[in-house]
Amino acid sequence: MQRRKFLALASVAALSLSIAACDTAAETPAPGADGKKPYIAIVSKGFQHQFWQSVKQGAEKAAKEFDVEISFEGPDKETNVQQQMDQLNNAMAKNPQALALAALDSKAAEGVLQDAKAKNIPVIAFDSGVDSDIPLATASTDNKAAAAEAAKHMAELLGNKGEVGIIGHSQTATSGTDRRDGFVDYMKANAPDIKIVDVQYADGDQAKSTDAAKAMMTANPNLAGMYGTNEGAAIGVVNAVKEMNKTGKLTIVGFDSGKAQMDAIKDGLMAGAVTQNPVGIGYETVKAAVAAIKGEKVEKVIDTGFYWYDKNNIAEPDIAANLYE
């Protein structure tokens with residue numbers, strides 16, 4: 001459906017310069033028009049974590065399989081909402097046949113989403129859901145369920161009692177709030193003797209997360225466990241525990257993977273973590289975009305799965321395949 005629209009626009013442009021002057025889509029047809037491969041613009045939350053490189057790997061795999069062109073970019077840091085907005089606007093200026101977005105801030109992205117809707121460009125969300133009805137599908141981990149899995153293991157490790165703190169990576173991105181809420185809600189429902197004493201946000205930055213974790217430990221000397229909601233947050237907690245000489249005195253669980261987190265688990269500094277399936281997220285995002293371009297129905301929610309891993313199962317094939325360094 002989208003392909004036919006863009007071909008029609010290109011034909012109008014060829015017939016009328018005056019119309020072309022008013023219609024930039026016709027003036028500069030996107031890749032995919034005139035017999036070229038369909039073009040899908042993908043804007044992620046960042047590039048600073050290996051997670052996003054794995055998502056990109058999955059997207060490139062799907063692009064090759066489905067014979068489409070993609071671009072994949074993201075801001076330098078997951079706090080750079082304006083940079084992501086600039087990238088989204090630049091992506092829309094290229095008139096893609098589909099747009100894929102992992103939103104840093106759902107509200108900030110609303111204008112771009114409305115623009116895509118007006119131009120009949122299908123939108124696929126990934127990693128983080130977008131607080132909007134415009135995306136046709138969201139390819140992501142069930143972050144609340146995954147966070148609940150982390151909470152379950154934390155509760156078991158603490159004997160279902162004690163004080164716990166959370167270092168979050170975002171309070172604006174859906175993935176951040178879901179990973180917080182899934183953990184907190186599980187504890188309330190299943191381990192009422194575990195008290196969440198504090199939640200601090202450090203943008204997924206290791207240094208900021210380290211400082212936030214140290215401050216939390218200082219303010220709560222009876223802290224028994226800490227949970228980091230992404231790679232940067234979890235490693236910040238590990239660093240803080242080492243710097244505060246609390247190794248072995250605090251139970252740490254995390255989210256995501258990465259070499260530093262995997263090493264911390266192997267070394268016994270971290271009890272375990274929940275890993276996503278980032279290659280699968282990238283692959284399913286492009287797959288859904290291709291289907292949408294063709295006018296095919298796509299599932300509203302595409303659950304890409306998650307796994308709990310610790311030193312006992314980290315080398316198992318099913319787990320190792322979903323860990324990224």
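**Side-chain contacts**

Mentor: The side chains of Asp-263 and Lys-259 form a salt bridge, 2.7 Å from N to O. A salt bridge here is a side-chain nitrogen of Lys or Arg within 4 Å of a carboxyl oxygen of Asp or Glu.

Trainee: What kind of model is this, and how are residues numbered?
Mentor: This is a predicted model, where local features need pLDDT of at least 70, side-chain atom pairs count only at pLDDT 80 or more, and totals for chains, interfaces and linings use all residues. Residues are numbered from 1 along each chain as its sequence is written, and side-chain values use heavy atoms, with hydrogens and water left out.

Trainee: Where do Asp-263 and Lys-259 lie?
Mentor: Both are in helix H11 (residues 259-266), four residues apart, about one turn of the helix. Helices (H or I, at least four residues) and strands (E, at least two) are DSSP runs, numbered from the N terminus.

Trainee: Is Lys-259 buried, exposed or partly exposed?
Mentor: Lys-259 is partly exposed, at 45% relative accessible area, and Asp-263 is partly exposed at 27%. Buried means under 20% relative accessible area, exposed over 50%, partly exposed in between (1.4 Å probe, protein chains only).

Trainee: How many salt bridges are there in the whole structure?
Mentor: Nine. Among them, Glu-243 pairs with Lys-214 at 2.8 Å, N to O. Glu-243 lies in helix H10 (residues 231-243) and Lys-214 in helix H9 (residues 206-219), so this pair ties together parts that are 29 residues apart in sequence. Another one joins Arg-180 and Asp-181 at 2.7 Å, N to O.

Trainee: Switching to rings. How many aromatic pairs does the structure hold?
Mentor: Five. In one of them, the ring centres of Phe-51 and Trp-52 are 4.9 Å apart with the planes at 85°, so that pair is edge-to-face. Rings of Phe, Tyr and Trp (its six-membered ring) pair if their centres lie within 6.5 Å; planes under 30 degrees apart count as stacked, over 60 as edge-to-face and the rest as tilted.

Trainee: Is Phe-51 buried or exposed?
Mentor: Phe-51 is buried, at 4% relative accessibility, and Trp-52 is buried at 3%. Phe-51 also pairs with Tyr-324, centres 5.7 Å apart and planes at 65°, so this pair is edge-to-face. Phe-51 lies in helix H4 (residues 50-66) and Tyr-324 in the segment after helix H13 (317-320), so the pair ties together parts that are 273 residues apart in sequence.

Trainee: Which residues form the aromatic cluster?
Mentor: Phe-51, Trp-52, Phe-126 and Tyr-324 form one cluster.
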